[in-house]
Amino acid sequence: MHAHARPCFTPRVSSLPRGPSISAASIPRFRTRASSSGTSAVEVGVLDPGEATSSSSRGTAPADWRDSWRETSSLPKVTREQVEIHRRAKAAQSQGRRHAALVILHDGLARFPHDTHLLSLAASLEAKSGNRAAAEELLRVGLKVQPGHLALLTTAARLHAGAGEFDAAREIFRAAHEANPHQATVLQAWAMMEASAGNERAARVKFSEALSRAPRMPHVHCAWARMEAALGDVQRAREVFEEGCEAVPRHPPLLHAWAEMEAGQGRLSEARRLLLLALQADPQHLPSWMSLGKVEWMAGDCARARMVWEQGNTTAGPAAPLLHAWARRELVAGGIRRARALLQAALRADPRHGPSLQASAALEDRSGSRDAADAAYAAAEDVLLCGGGGSGDAGGAGVDAVAGGRSRQAGEEEGGSGRGSGEQRPPSGAGAAGAAGASSAADPTTVHALVALLHARAQQALRHGQREAAEGLLSRLEALQPGNPHLCHTRGLLALNDGRTDDAHAAFSRGIAAVAIATGSGRGGGGSVIATSPHRSGSLLCFEGLAELAAFRGDATSARSAFEAGLRSCSVQGGGPPTTRFLRQFALLEKRLGCVDRAGELYGRAARLEPHDPKTWLQWGVLERRRRHFEAAEGCFRRGVAAAPAHPHLWYAYCTMTWRLGKVEHARALFQQATQLCPRNPPLWMEWALMEWSQGDVPTARRLFICGASVPPTFQHPPLYEAWSRMEEEAGDGEEAVRLLDTARAVHNRKEAARGLGARPRNQ
């Protein structure tokens, strides 16, 4: 069963039996309580002997719950159908289809509500999806059926670790290990918890013990290698990966994890080799197809990357995650038309794929059409709340409403609709009525998608000056996920803009505390991030916010410490590398502090992490230009325009630097290429015209000014008319100069009115 086979999937936790509260010492008790980090935590304990005696007299489980895993005689026999359900769910998980696995598991639990194998796997996947409440409920049910079930206890310990309660997690791990000292999965999970707590030495001991009990367990090798890589010992990580592949050859998740590490180190040929081995072993392994395309893209062969993704979508799809990831790459490279087509295909594959819904709406906003963006956001929310996201005709309608939003703007000027209204489109009926209860009515993937969508709509409202509408959307988001780090970051920025620095600090700190890194042991690769928020990158934004706040207060040391703490948070097992944005912001701080060498190192790290991110090349090139390292700056700009040929700011920096270095012919060729690729960017036309004017060629400069002034109204640029006016005045045409100045003022006033700011005088 694929993820799109049942788009309105809702976990059937409510269908599971709910008996009386547990009151026997023989059964671990779970209850939710507030932790010091502000998040809810599962508390496990043993009741007092008096309760144990009274409970035992009522015929409950054995007196010592640490031995209860042996008491299996009262459990129902497992049927062949149950085994098949579990096998299909594990297969889906192994192929990277977590949502599909959850669909299979909850379907199975509707038929077999006391199957502890299904309960334990479902609880683990819910935890990895960030749906803590569903995981806790599944654990309660499972531990009533079999109190000492090791997989259930391991998941419970991971939930504690996710809340930062490492002592409680150790207590559960210790009890589970004592109950069955030969079980390697417990030791693996325990090791990963120690790694997340920063106890690398203890983690290595546990990993070693796990492998001594199960030498052919690839997930242990994978988790251990990832920890070593995150700690910076890439060679040791490589050795652990090699040992794992020798023990279990052709294991796709292990090969994929190794390839991801090699790609992050810039060893693209080795990453390609490993991914091809993974796909030979399992052509249905979707993460390997996605990563192989990314490797080709990083190598600069975009055409081959597209071929890989197309083949992967045909072989293991249609897969919305793959198509969405492909679309994001095209957007970075400026291929808006191709990205829109890919997002439409992603929504046909899964009409309720949250990232694709959000990206489609954001694409309309980016294109400048606010009405189309508002309609797309509203339609996306309706789809997520089952207001059009079902299969068949309903699903098709949802796709048309979201991905085809711009078609409704036919005949309108690009970016010309909705400006100046100053009003936010009201939430749809489904959104207004259903958002508050979405956390209990939707699966975790849908909840996360809805949260991301609400945050994107709030940001859109803030960009257009609609503070009240944004606050309403943020409040709805907070009702779904109070600790969402993206929400906390936005709240912190708003407080900082209002001058409420203490509130800003509290918001950023709350977002960091909410993202709890825990460990998992699924077939997806031996370790994953379990967070109360769907996006680990949100915690880095909050670290960034703390750094900006410290810099605002003039505390450079604390600002640098905040960035360094963010980098350390990425060193937690399974945490992954930092985002390129985070590295760039850190580099900007170092540049402001005068540490230009350190800034260059950070830009280099960001470029190695994502070689096709044009913002990194632009900022790095500007840094090198200011250091008067013009050859290095030219290399950065050249790499940037190769990665994103339609990025006007890169062309602007490249062309103007070349001109100012006196390379007029080279600059002229660059300007020609830039204006062909970015014909709607007036600053490029203006700078080219100024260069020709400086060379005494007034007719050519005038022709270029005319080209720059011929762009649509949305892209008009008042400084172009002002520069043109100066040239005409110097040429002796005062009347034309005055007319051009009047045009500059009119363009400026129209742009201010479109932003809802009213006409303001422009300094001459």
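Okay, ground rules. It's a predicted model, so local features need pLDDT of at least 70 and side-chain atom pairs count only at pLDDT 80 or more, while totals for chains, interfaces and linings use all residues. Residues are numbered from 1 along each chain as its sequence is written, and side-chain values use heavy atoms, with hydrogens and water left out.

So, what is the chain built from? You'll see 38 helices and 2 strands; those are DSSP runs, H or I of at least four residues for helices and E of at least two for strands, numbered from the N terminus. There are 764 residues, and 54% of them count as buried (under 20% relative accessible area, with exposed over 50% and partly exposed in between, using a 1.4 Å probe and protein chains only).

Now the cores. A nonpolar core here is a set of buried Ala, Val, Leu, Ile, Met, Phe, Trp, Tyr and Cys residues joined through side-chain atoms within 4.5 Å. The largest has 69 residues, and Trp620, Phe637 and Trp651 are among those touching the most other members. Apart from that one lies another core of 60 residues, including Trp258 and Ala339.

Next, two helix pairs. Axes are lines fitted to C-alpha atoms, for helices over the stretch in contact, and angles run from 0 to 180 degrees between N-to-C directions. H31 (residues 614-626) and H32 (residues 630-643) have axes that come within 8 Å and cross at roughly 165°. They are therefore roughly antiparallel, a label for angles over 145, with under 35 roughly parallel, 65 to 115 roughly perpendicular and the rest oblique.

Most residues other than glycine have a negative phi, and most peptide bonds are trans. Arginine 250, in the loop between H11 (234-247) and H12, has phi near 60° and is partly exposed at 49% relative accessible area. Arginine 628, in the loop between H31 and H32, has phi near 65° and counts as exposed at 63%. And the peptide bond from glycine 317 to proline 318 is cis, with omega near 5°; proline 318 is in the loop between H15 (302-316) and H16 (320-332).
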